[in-house]
Amino acid sequence: MNRTRRRSAVASVAAGLALCAGPAGCTGTDANAEPPALERFYSQQLDWKACDDPKLDPAGAQCTDVTVPLNYADPQGPTTTVAISRLVSPEPAKRRGVMLSNPGGPGGSGLDFMLGVREAMTPDVRAQYDLIGMDPRGIGRSAAINCHWPRGFALESAGVDAASYAESVATHADFAARCAATEAARLPHISTRNTARDMDVIRGALGVDKVSYFGTSYGTYLGAVFTQMFPQRSDRIVLDSAANPDTYGPVGMMQAMGPANEAALDLWADWAAAHDGEYHFGDSRAAVRATILDLIQRSARQPIRLGEFDIDDHIAPMLLFVGLDDVRNYELLAGQVRQLRDAANGMPVQPDDTLRESLEHIFKPVEQDGSPQMAVLCGDVAAPRDPAFYLRNIEAARASQPVFGAFANNITSCAFWAPPLEPPTVVDNSVPSLILNSTGDTRTAYEGARVLHQKMTGSAFVTLQDVPIHYIFGRYPNACAYGAVNAYLRDGTLPATELTCKAD
């Protein structure tokens, strides 16, 4: 976007921000009234149909598109659509409301997300809600951003040295340039704040005064922003595996993953050492770590061929990153590392189905590439633009984070993105909510979830102790944590004191 057009866009937003300013977001002067300029969106009639989805249709779900302004500062201007799904209460007489949701990412499609979440609900809780899945704006069926990247995954490690880092700089500059060339008109409006505004339009179109919400990972940040912008519209809010609102963005959020993943790698290395007779990675934590570092170094000198995929030092750490977010995946991850080692030793290796799926996600954009994820991150929080900033952080982290420091501190496409149109949301409210997090979470570090609890003064906090898992309710069965969530969703009761749960 040229400078004149950029100034015009910023001026347009500034002129219209009265429409969406203040702690209640787009709720006008009366916190319980929709703004008149947006009335046509809030009052729209929804046309529910079959979802044409192999998971949702057998479950009896319905889907529809909700029309929303592309730019809330210009509600008479272009529009876009947000795809939502609905699983109605199996006992309509007991229904008390609707529950919106988000599975994380950012960039994650959420149309079928509530299929899994509902399995963790007790029958009496399930009866109380219509469950709403959503593809947020710019994602999935909601007019997905597509920058036509040559690779599927948006994130990578910086590699083992300055030369590898220079490759990352070039990659992400290219990614950002492709987005500017293909999606410049929409990118400024793909943001968490606008998604929160969309959620309130969805609330109005569903004909309810308040919405409950379940979000995990990035979805906890979206939920926190919604409660900040629309506190009077927030009912029962569950934030599972919560992001730190103070460091959310393309730098701080990523940096917090470095120490968390190194700690998770230590636990996996202990397990692998205890199974050295099977995998032969080494009989101690240090020996297993040495095997991993050797593989990364070898992939830097010569990419490791796995089937049709070439694994270099940008990608090898990401395979570990993907596998370490669930303690139940230790054996699966060990099998993948063994395949990588065998290939590095010159053996012809065809990756198994699980590893192939991971590699295809990284290398081959099927329906869309990773540009929606970057669109949200870069549209929310500005990133430093000097490549030297990231290189200094990478080198400083190598000693304490030898595997993941180069990933957690790497440059992203946001360094080359146009600045966000709005400042990040300051989360500071007393909306009642339930926050839960594992102490071993590798995506949203436990300490960051504690910060969100402090910022949301009406929240209660549940700790899952000593379990390296990301996303608990609906993914990792735990009677204690599940009981707390179901009790809150059933009758609105939050734990009177902090609750610490152990693995079953």
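Predicted model: local features only at pLDDT ≥ 70, side-chain atom pairs only at ≥ 80, totals over all residues.
Let me begin with a pair of helices, α9, which spans residues 257-274, and α11, which spans residues 285-301; their axes come within 8 Å and cross at roughly 110°. That angle makes α9 roughly perpendicular to α11, and the crossing is right-handed. On the α9 side the contact is made by E262, L265, D266, W268, A269, D270, A272 and A273, and on the α11 side by R285, V288, R289 and I292.

Turning to the records, an unreviewed UniProt entry lists residues 99-288 as "domain: AB hydrolase-1". Over that stretch the chain is 47% helix and 14% strand, with the end C-alpha atoms 45 Å apart. The unreviewed entry also carries the annotation "domain: Peptidase S33 tripeptidyl aminopeptidase-like C-terminal", which covers residues 402-501. Over residues 402-501 the chain is 27% helix and 15% strand, and the end C-alpha atoms there are 31 Å apart.

Is E183 buried or exposed? With a relative accessible area of 10%, E183 counts as buried, because the cut-off for that word is under 20%. As for its surroundings, the side chain of E183 reaches the backbone nitrogen of N146 at 3.1 Å, and, if we leave aside residues up to four places away in sequence, E183 touches A144, I145, N146 and C147.

Key
Residues numbered from 1 in each chain as written. Heavy atoms only, no water. UniProt positions renumbered as here; feature names shortened; annotations may be inferred. Helix = DSSP H or I, 4+ residues; strand = E, 2+ residues; numbered from the N terminus. Buried < 20%, exposed > 50% of the residue type's maximum accessible area, 1.4 Å probe, protein only. Polar contact = N/O pair within 3.5 Å; in protein donor to acceptor, adjacent residues only side chain to side chain. Contact = heavy atoms within 4.5 Å. Axes fitted to C-alpha atoms, helices over the stretch in contact; angles between N-to-C directions. Parallel < 35°, antiparallel > 145°, perpendicular 65-115°, else oblique. Left-handed = near helix turned anticlockwise from the far one by under 90°.
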